Amino acid sequence: MKDDIQRSFLTNAIVIISAILCVYLLSLLFLFNVSIVRPSQATNERVAKEVEAEFAQYKEGMARLVADEQIKAFLRGEGKSREANQLLYDFRNAQTFQSDFVLLDNEEAIVSTSLYEGQKEQLSQSPVLREQMQKADEHQFTGEYVNKRALNAGQGGAYVFAAAIEEGEGERTGYLLFLLEHTLQSASEQIVFVTDSFYNAVFYSHTIGIGALGKLTIPTDGFLVQYDGNPFYVTKTEVAGQPIQVITLTSVKTYQLLLLYGILAMVVSSFVMLAVVWLVTPKILKKTLEPFDALVARISSKNNHLHFQQTDHVFAEVQTIYEEYTNKVHEIQALVDKNEEILEKKRLSEIKHLEAKFNPHFLYNVLEMIKYETLANPESAAEMIVKTAKLMRYNAHFGDTTVLLEEDIAYLQDYFALQKMRYGKRLDYTIAIEPELGRARVPKLLLQPLIENAIKHNIDSTRCLKVDVSACWGNGVLTFVVEDNGLGMTPGEVAKIKAIMAGEMKETAHTGLKNTHQMIQLLYGESYGIEIASAPEKGEGTTVRMHIPYEG
């Protein structure tokens, strides 16, 4: 019981620890979702909407500007530069994303720009500028990422919108370009990038991870990445209608440390808890179950006082249990003794009843033989009567249930002599039992029913019936063997006889075998009795073995 309770304590402790660990991991997962995933997704959605809205404003605004008559007149040399510049500066300053504009005439010369004079000269020499004007000629309006170094307009990258200005159908009067630059706003633990499909950084909140050519060097495949020894959670969002994407990297270093130290603390606490349970539980159980230990010891030793006197305290419940136990034991013992007495009387009565069955049955068979011999051979009949009287005297003189084997063998010799006088040469027999076995005690009339059964069922079907009686002793068991050379029995007949002996079938035949078998089992138990074997197809007749315990 102690071991079971201790195992129960440990099992429950492990279950509780596992439940706490699961709750802790689930809380970390919830915290990760609340503090990392959701803010990253919210930042991405916010930046994507800002970019989408700002790009739409630039597209619409540039469409108005390239169609404005003041700008067209200025490019033809008819208007004033101040009015055209005012329109361009007002539009630029009204946008959230910072930008610089460049206005070129039909000769691809810069006529107005918000760039510094030095940047203006460098930009005019850039081949990328001409490439943008060519794309504007082909598509009327374009937008793409351009490295500012390629434009000779400084460091970093920019998103360039280019639009062609037309006077009439197919007549170009100039070009308008806006170079967008914007610094994104994000939380301290977040880094936000807006890149094109080739991971060129257009806008960003921090220059970490951006190479010299303006490309994002931080790997963004998967939802967790490592950069410069720091872990980041990655969130990507495509900007609707634009070939660009928003990438947010959220640092999870603090969360990683929280997870690591939390699990380490849980493991250490679990080992400490299990150690405490393992060490303290036996002491608690020993103190709590001490009265029950005393009760068990008291019951086991059948001592009414000693073990309880050695106990510091005895619970009233334990005392009541023991008193009830003692009373019940006495009642049960009295019932057992009474039942044993009843069973012994019943067993002796059954044995006497079986013994009483042998004498009338045997006497009836002998009288039948004398009847026939009186008519055929009076002298032989007289000798039969003498031997019969001797046998009856043996049966009446020995009133005990068991006799010495040598006395029962002497009885068999007379019984065989009677049968030999009746059947003559048709019957032959041998008794091969060692003299030292003669002092063994056996039930009276033990072998006679077996021999009588062999003669009765085989003498009329055999020219010369041979009955051999032998005995052997080993491992405390005395075994008698009665063999005959008769016709034998089929397996079905053997099974039938066994059923009769076991009481499973009622039959008037083979009562001698049944009575002998039952008497042996009543005297010695069910492990002893009679066994029958027969193999008529081999001409071996029937062999009956009888097993009883050896009693010297």
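Reader: Why is E108 called partly exposed?

Author: The relative accessibility of E108 is 36%, and since buried means under 20% relative accessible area and exposed means over 50%, with partly exposed in between (1.4 Å probe, protein chains only), E108 counts as partly exposed. This is a predicted model, in which local features need pLDDT of at least 70, side-chain atom pairs count only at pLDDT 80 or more, and totals for chains, interfaces and linings use all residues. Residues are numbered from 1 along each chain as its sequence is written, and side-chain values use heavy atoms, with hydrogens and water left out.

Reader: Where is E108 found, and what is its phi?

Author: E108 sits in the loop between β1 and β2, where strands (E, at least two residues) and helices (H or I, at least four) are DSSP runs numbered from the N terminus; its phi is positive, about 65 degrees, although E108 is not a glycine.

Reader: Why is Q140 called partly exposed?

Author: Q140 has a relative accessible area of 33%, and therefore is partly exposed. Q140 lies in the loop between α5 (127-139) and β3, and its phi, near 70 degrees, is a positive value in a residue other than glycine.

Reader: What makes β4 and β5 a pair?

Author: Two strands pair if DSSP finds at least two bridges between them, and β4 (residues 157-168) and β5 (residues 171-181) are joined in the antiparallel sense over nine bridges. One of the bridge partners in β5 is E171, which faces G168.

Reader: Which strands are the edge strands of the sheet?

Author: The open sheet has the order β2-β1-β5-β4-β3, with antiparallel pairing, and β2 (110-113) and β3 (141-147) are its edge strands, each pairing on one side only.
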